[in-house]
Amino acid sequence: MRVRTTDHVEGEVSREMSWEPTNVERDRLEKLARLTELGIEAYPPRVERTHTAAQAIAAFEAVEDDPEAAESIEVTVCGRVRRINIKGKVAFWHIEDGSGRVQLMIRLDNVGEATYALVQDKLIELDDFVQARGVMMRTRSGEVSVQVYELRLLAKAVSPLPVIKEKVEEDGTISRFGEFSDKETRYRQRYADLAVNPDVREVFRKRARMISALRRFLDDEGFLEVETPILQPIYGGAAARPFITHHNQLDQDLYLRISFELYLKRLLVGMYDAVYEIGRDFRNEGVSFKHNPEFTQIEFYKAYIDYHGVMDLTERLLAFVVQQVTGDTVITYQGHRIDFRPPWKRLTLHEAILATTGIDYKQHPDAASLRAAMRQRGYQARDDATWGKLVDSLLGEVEPTLIQPTFILDYPRDISPFAKMLPGDPTHVERFEFFIGGMEMGNAFTELNDPQDQEARFLEMGRLYAEDQDEATPLDEDYLRAMRYGMPPCGGWGMGVDRLAMLLTDQRSIRDVLLFPHMRDEEA
RNA sequence: GGCCCCGUAGCUCAAUUGGCAGAGCAGUUGACUCUUAAUCAAUUGGUUGGAGGUUCGAGUCCUCCCGGGGUCACCA
């Protein structure tokens, strides 16, 4: 009994649609109509499953030496059809679920003519989801398979996934024939990317393990995980342009947060000794291989430690996370062997810049002098940059050279409005950034807890950035009010979670560790 | 935002100095009851990202636009 194309399906296909199907999609829609005509539900609500693909294979292999026991392993498996080989009156399929793949051997004699017609005529085809009941067996050529007695369609795929064929080599490695590599389509249709590229799925599993390990470490260290507002009446804690939004009913402009800093420190006033938050920050700036408009940040604040204590925590935290995710404290990133074992290299910003650029910025204590020195050595220096900004741009020359985990410490005061002054040096503060793989990973300081000094810094920043209103650091009066109640001495720390994910998964672009990276509108 | 590169079938890619838009995979039809990148035979499929221009003739050259990648600027 064969199911053949009939005329009446035309009406089904030509009904009003919001999209333009390709020829292959038209073909699949016709098959969908024919299934409906046969009384077969293409999207049934109920499913049965006794084994994952991996469990079915394991259950068989465990008892394979005993023929009677092996024949009695009955399973119902579900998954997406990934390979079809119809060989006359027997068909071999591979179906895939979250655990992996298992082969189905579907024989006309075992499933009956009606079901086999669906297989032979490919009314059920590549990329559809199916449920199969049968007994486990090993084929003559050696593959553990399900000898199928019942086959059901679970979900019809109207659009075909990109075609990638796989071959398992003798040594167990997998060769792929065909690929889905167009970056734009992969990012825009991440679901298709994940469906056909298992290594992409693995990247995001690693990312999840990484975030889980970050939490575990901080929880075990006695930190309290908290959540603070994303919609904020005043943004702050970093120098970045914010996204602005509006609450209609309250008629109130709000900003999407650019950091968690100021809210987390309020909590230390409230007598939590140690808090952290993992969440999304939003910065209205350019996108690049290491910048996305929204990105995941982790920050912690701990009372009764200074930035030396924070460096110690950083080394232990990162070594732990890398160990948890990869099983080792050494990773390979873009061909570089990177070792996270403490202690990491520590050098002052002044030393680092002097060593890389030959510029001793302490010999140039004002913007004009430093700018001249930079230009003399061939570095760009903007006319409108402050002295602190110029120093920071020199750090940009150092950054790519910092492959091994490195702390760079003691930053200019005027680009660090929330850090405590370095004793004996009013021009510098107790702040460090740490770098790995040539990227800035995070930022930390001995937190400023003197409300009058903090107020002065806010006012100073307002003056320094007056010309660039976009980046002005607004004065947060409520934050100052909190600080006036008394804030314990504390160390604070923040890290770009996406960038750590890049390191641990050896990805060169932040877009490859974001499931749905930001893209422009698809159509004008 | 500046500069450079790219955009051809569902996917991956060809197309000579500007000269008939092609291949593999998938799809369709047929053969095959232990295959596995199955194989064999036949076959469908295109507004070459979009709009203009040059030319007898444009995938190819020019201009603009859209999208992507890279890089610089920006990003405490």
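Of the 524 residues in chain A, 50% are buried. Buried here means under 20% relative accessible area, exposed means over 50%, and partly exposed is in between, with a 1.4 Å probe and protein chains only.

Some ground rules. This is a predicted model: local features need pLDDT of at least 70, side-chain atom pairs count only at pLDDT 80 or more, and totals for chains, interfaces and linings use all residues. Residues are numbered from 1 along each chain as its sequence is written, chains are lettered from A and ligands numbered from 1 in the order in which they are written, and side-chain values use heavy atoms, with hydrogens and water left out.

Now the overall build. Chain A has 16 helices and 21 strands. These are DSSP runs, numbered from the N terminus: helices are H or I with at least four residues, strands are E with at least two. How spread out is the chain? Its radius of gyration is 30 Å, well over the 24 Å from the globule rule for 524 residues, so chain A is more spread out than a compact globule. That radius is taken over C-alpha atoms, and the rule is 2.2 Å times the number of residues to the power 0.38. Along the principal axes, the C-alpha trace spans about 90 × 55 × 50 Å.

Next, domains. The bounds come from an automatic or database domain assignment. Domain 1 covers 43-160, and domain 2 covers 200-344 + 404-512. Their C-alpha centres lie 50 Å apart.

Contacts and surface. Take the contacts in chain A with a separation of 6 or more: 64% of them join residues 24 or more positions apart. Contact means heavy atoms within 4.5 Å. The accessible surface is about 26,300 Å², and carbon and sulfur atoms hold 48% of that. The areas come from the Shrake-Rupley method with a 1.4 Å probe; for residues, only the protein chains shown count as cover.

Charge. Chain A carries 66 positive and 89 negative side chains, and the centres of the two sets lie 3 Å apart. Lys and Arg count as positive, Asp and Glu as negative; His and the chain ends are not counted. Each charge is placed at NZ of Lys, CZ of Arg, CG of Asp or CD of Glu.

On to backbone geometry. Most residues other than glycine have a negative phi, and most peptide bonds are trans. Which bond is cis? Pro342 to Pro343, with omega near -5°. Pro343 sits in the loop between strand 15 (336-339) and strand 16 (345-348).

Two aspartates have positive phi. Asp127 is at about 85°. Its loop runs between helix 5 (108-120) and strand 4 (129-138). Asp127 is buried, at 5% relative accessible area. Asp506 has phi near 55°. Asp506 lies in the segment after helix 16 (497-505). At 33% relative accessibility, Asp506 is partly exposed.

Last, two residues and their neighbours. His94 is in strand 2 (residues 90-97). Is His94 buried or exposed? Buried, at 14% relative accessibility. Beyond four places in sequence, His94 contacts Arg80, Val81, Arg82, Arg83, Val102, Gln103 and Glu143.

Val325 is in helix 10 (residues 307-326). Val325 is buried too, at 6%. Outside four places in sequence, Val325 touches Lys206, Arg209, Met210 and Leu504. Leu504 is 179 residues away along the chain, yet the two C-alpha atoms are separated by 7.8 Å.
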